Amino acid sequence: MKEIHDFTIIDRREHGPQYFSLVLQHSGSMQRIDPGQFVEVLVEGCSKVMLRRPISVHDVDEKKGTMTLLIQIVGNGTRRLSALKVGDCLNVVYPLGHGFSVDAAGDKPLLVGGGAGIAPLLHLAKVLASKGVKPTVLLGGRTAALIPVCDEFNPYADVLVATDDGSKGHHGIVTTHPAFSQNYSMIYTCGPTPMMKAVARSAAERNLRCEVSLENMMACGVGACLCCVTDTDQGHRCVCKDGPVFDISTMKKWYE
């Protein structure tokens, strides 16, 4: 069930020059949000922004009725959202999309994230940990300053880092990290498209199951406008409704 609701911002944090997070609290009973699902938020007070903005759900606390959004400032909409303060309201449509296949994780899953694609992986890591599975999380970025919230994963996963400039962790991209070549029960990835395609190709070559969370441009969030269509082995699919998470077994056209 999708819901439109005004959430109250109860916490706001900066994560370097490009990222910030908002903790939103529901006034009643919050809908269940699966790892990998997203929300569409209304951007008010900015004449240059007409449509809602899709944002990955970074964290969920069902007992407290809160969700956390990790947001990268990339344009007018996200810049306006960055000006919100504790006590402000944010109108949200949620939960949207098809999330990660948690039950397929097995006993040794790998979570690979880059940039803003790190956002949905924390909720996934926490859910896996609650099921007794400790994943390996591999986070990548051009430099250490562009890998936000790295420490938040520590209670739930073995955390590894790769940076293009060698400022933290392995010097190189995520697919060159020594741990990446290990045999995993499942790979989940979200981040820049070139990174995800490289991860998907490697997983396919090693016959490892892998899911990718696409970040196509979106408008409606429910599959009506066809703005986010992507070509799959099963035909054209709406990333917002049929995804954003897809199994690479259906995405050979996309990653090859």
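Predicted model: local features only at pLDDT ≥ 70, side-chain atom pairs only at ≥ 80, totals over all residues.

Student: Is Cys 228 buried or exposed?
Tutor: Cys 228 is buried, at a relative accessible area of 2%. Cys 238 is buried too, at 7%. Buried means under 20% relative accessible area, exposed over 50%, and partly exposed in between (1.4 Å probe, protein chains only).

Student: Next, the core. Which residues touch the most other members of the largest nonpolar core?
Tutor: Val 112, Ile 187, Val 212, Leu 214 and Trp 254, out of 31 residues in that core. A nonpolar core here is a set of buried Ala, Val, Leu, Ile, Met, Phe, Trp, Tyr and Cys residues joined through side-chain atoms within 4.5 Å.

Student: And which elements each supply at least two residues of this core?
Tutor: Strands E6 (89-96), E7 (109-114) and E12 (210-213), along with helices H3 (193-205), H4 (239-242) and H5 (252-255). H3 gives the most, with five residues. Helices (H or I, at least four residues) and strands (E, at least two) are DSSP runs, numbered from the N terminus.

Student: What does Trp 254 touch?
Tutor: Leaving out residues up to four places away in sequence, Trp 254 touches Thr 193, Met 196, Lys 197, Ala 200, Val 212, Leu 214, Thr 230 and Asp 231. Contact means heavy atoms within 4.5 Å.

Student: What does the second, separate core include?
Tutor: That core has 25 residues, among them Leu 121, Leu 139, Cys 150 and Val 161.

Student: Aromatics, then. How many aromatic pairs are found in the whole structure?
Tutor: Two. Rings of Phe, Tyr and Trp (its six-membered ring) pair if their centres lie within 6.5 Å; planes under 30 degrees apart count as stacked, over 60 as edge-to-face and the rest as tilted. Phe 7 and Tyr 94 have ring centres 5.4 Å apart and planes at 75°, so that pair is edge-to-face. Phe 7 is in strand E1 (residues 3-15) and Tyr 94 in strand E6, 87 residues apart. Both are buried.

Student: What about Phe 100 and Tyr 188?
Tutor: They also form an edge-to-face pair, 5.5 Å centre to centre with 85° between the planes. Phe 100 lies in the loop between E6 and E7 and Tyr 188 in strand E11 (residues 186-190), so the pair ties together parts 88 residues apart in sequence. Phe 100 counts as buried at 6% relative accessibility, and Tyr 188 does at 0%.

Student: Last topic, the whole chain. How many helices and strands?
Tutor: Five helices and 15 strands. Of the 256 residues, 52% count as buried. Among contacts with a separation of 6 or more, 61% are between residues 24 or more positions apart.

Student: What size of box do the C-alpha atoms fill?
Tutor: Roughly 45 × 40 × 35 Å, taken along the principal axes.

Definitions and conventions
Residues numbered from 1 in each chain as written. Heavy atoms only, no water.
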